[in-house]
Amino acid sequence: MQPLCLVGSTLRAPHGCHAQYMANMGTMASLTLAVVINGNDDDGVGGRNSMRLWGLVVGHHTSPRSIPFPLRYACEFLMQAFGLQLNMELQLASQLAEKRVLRTQTLLCDMLLRDSPTGIVTQSPSIIDLVKCDGAALFYQGKYYPLGITPTESQIKDIMEWLLAFHGDSTGLSTGSLADAGYPGATSLGDAVCGMAVAYITLRDFMFWFRSHSAKEIKWGGA
């Protein structure tokens, strides 16, 4: 016999960890409302018609309190309306970001056609504006053009040798961690450089994008 699913139930006991969370804050009652928006393929939740949790609205009270059904239903309807509005705002922001990337990409391609490839790092916009990163670099005809937080020239040459030795048959590489990708010199880069994306222009000319470590310590309320 399978256990009864209480996902859609509004009258059930709180989970043990939630009860402990409330006790840590000195509260006796809580009302939790989910903010749900449309999912997409980037979220890995299975298509445009799927839904995903965006956030929670939580109300607490220091004494036991019963919320009548009409009020709970009104709050749920309010969250549905808020979720629809939020979803439209997020879609608009995504469309604007996509247009900005396409515009930047067009300008960079125009620089490549009009000038030497070094224009994509010496002029504005540059390749660092194309993606969200902490640094970018171009290695072209034996010269190194860094922007932002990047490895040193000797380190970038070592990365290039590693790329040609282990990824020479591809057109590029993208990794969230050079250490996880198997680069032996990852520790020498320190905390400044962790993730990397690279595009091969030729077997000796490369475009790089770098990201720093993003580990953070989060202190939860009531902990």
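# Getting to know this fold

Biologist: Is threonine 104 buried or exposed?
Modeller: Threonine 104 has a relative accessible area of 9%. Buried means under 20%, exposed over 50% and partly exposed in between, using a 1.4 Å probe and protein chains only. At 9%, therefore, threonine 104 is buried.

Biologist: Before we go on, what mean pLDDT does the protein chain have?
Modeller: This is a predicted model, with local features taken at pLDDT of at least 70 and side-chain atom pairs at 80 or more, while totals for chains, interfaces and linings use all residues. Numbering starts from 1 along each chain as its sequence is written, and side-chain values use heavy atoms, without hydrogens or water. In the protein chain, 88% of the residues reach a pLDDT of 70 or more. On that scale of the predictor's confidence in each residue, from 0 to 100, the chain's mean is 84.

Biologist: In what order do the elements of the protein chain run?
Modeller: The chain has 4 helices and 7 strands. Both are DSSP runs numbered from the N terminus: helices are H or I with at least four residues, strands are E with at least two. Starting at the N terminus, the order is α-β-β-α-α-β-β-α-β-β-β.

Biologist: What share of the residues counts as buried?
Modeller: The protein chain has 223 residues. As for how the chain folds back on itself, residues 24 or more positions apart make up 46% of the contacts with a separation of 6 or more. The buried share of the residues is 28%.

Biologist: Back to threonine 104: which residues does it touch?
Modeller: Threonine 104 sits in helix 2. Leaving out residues up to four places away in sequence, its partners are Pro125, Asp129 and Leu130.

Biologist: Which residues is asparagine 87 in contact with?
Modeller: Asparagine 87 also belongs to helix 2, which covers residues 69-114. It counts as buried because its relative accessible area is 9%. Beyond its neighbours within four places in sequence, asparagine 87 contacts Ile37 and Asn38.

Biologist: Which residues have the most contacts inside the largest nonpolar core?
Modeller: A nonpolar core is a set of buried Ala, Val, Leu, Ile, Met, Phe, Trp, Tyr and Cys residues joined through side-chain atoms within 4.5 Å. The largest one has 20 residues. Those with the most contacts inside it are Ile159, Leu163, Leu178, Met196, Val198 and Phe208.

Biologist: Which element gives the largest share of this core?
Modeller: Two or more residues each come from strand 3 (135-140), helix 4 (153-166), strand 6 (195-200) and strand 7 (206-211). The largest share, 5 residues, comes from helix 4.

Biologist: How many residues does the other core have?
Modeller: The other core lies apart from the largest one. Its members include Cys133, Tyr140, Met207 and Trp209. In total, its residue count is 11.

Biologist: How far apart are the C-alpha atoms of leucine 163 and valine 198?
Modeller: Leucine 163 is in helix 4 and is buried, since its relative accessibility is 0%. Its contacts beyond four places in sequence are Gly168, Leu173, Met196, Val198, Tyr200 and Phe208. Although leucine 163 and valine 198 are 35 residues apart along the chain, their C-alpha atoms are separated by 9.4 Å.

Biologist: Which side chains meet in a salt bridge?
Modeller: A salt bridge is a side-chain nitrogen of Lys or Arg within 4 Å of a carboxyl oxygen of Asp or Glu, and searching the whole structure gives 1. Its two residues lie 4 apart in helix 4, about one turn of the helix. With 3.7 Å from N to O, the pair is glutamate 153 and lysine 157.

Biologist: Which peptide bond is cis?
Modeller: Most residues other than glycine have a negative phi, and most peptide bonds are trans. Proline 125 lies in the loop between helix 3 (119-122) and strand 3. With omega near 0 degrees, the cis bond runs from serine 124 to proline 125.

Biologist: What is phi of glutamine 141?
Modeller: Glutamine 141 is in the loop between strand 3 and strand 4 (143-148). It counts as exposed because its relative accessible area is 59%. Its phi is positive, in a residue other than glycine, and lies near 50 degrees.

Note on methods. Contact = heavy atoms within 4.5 Å.
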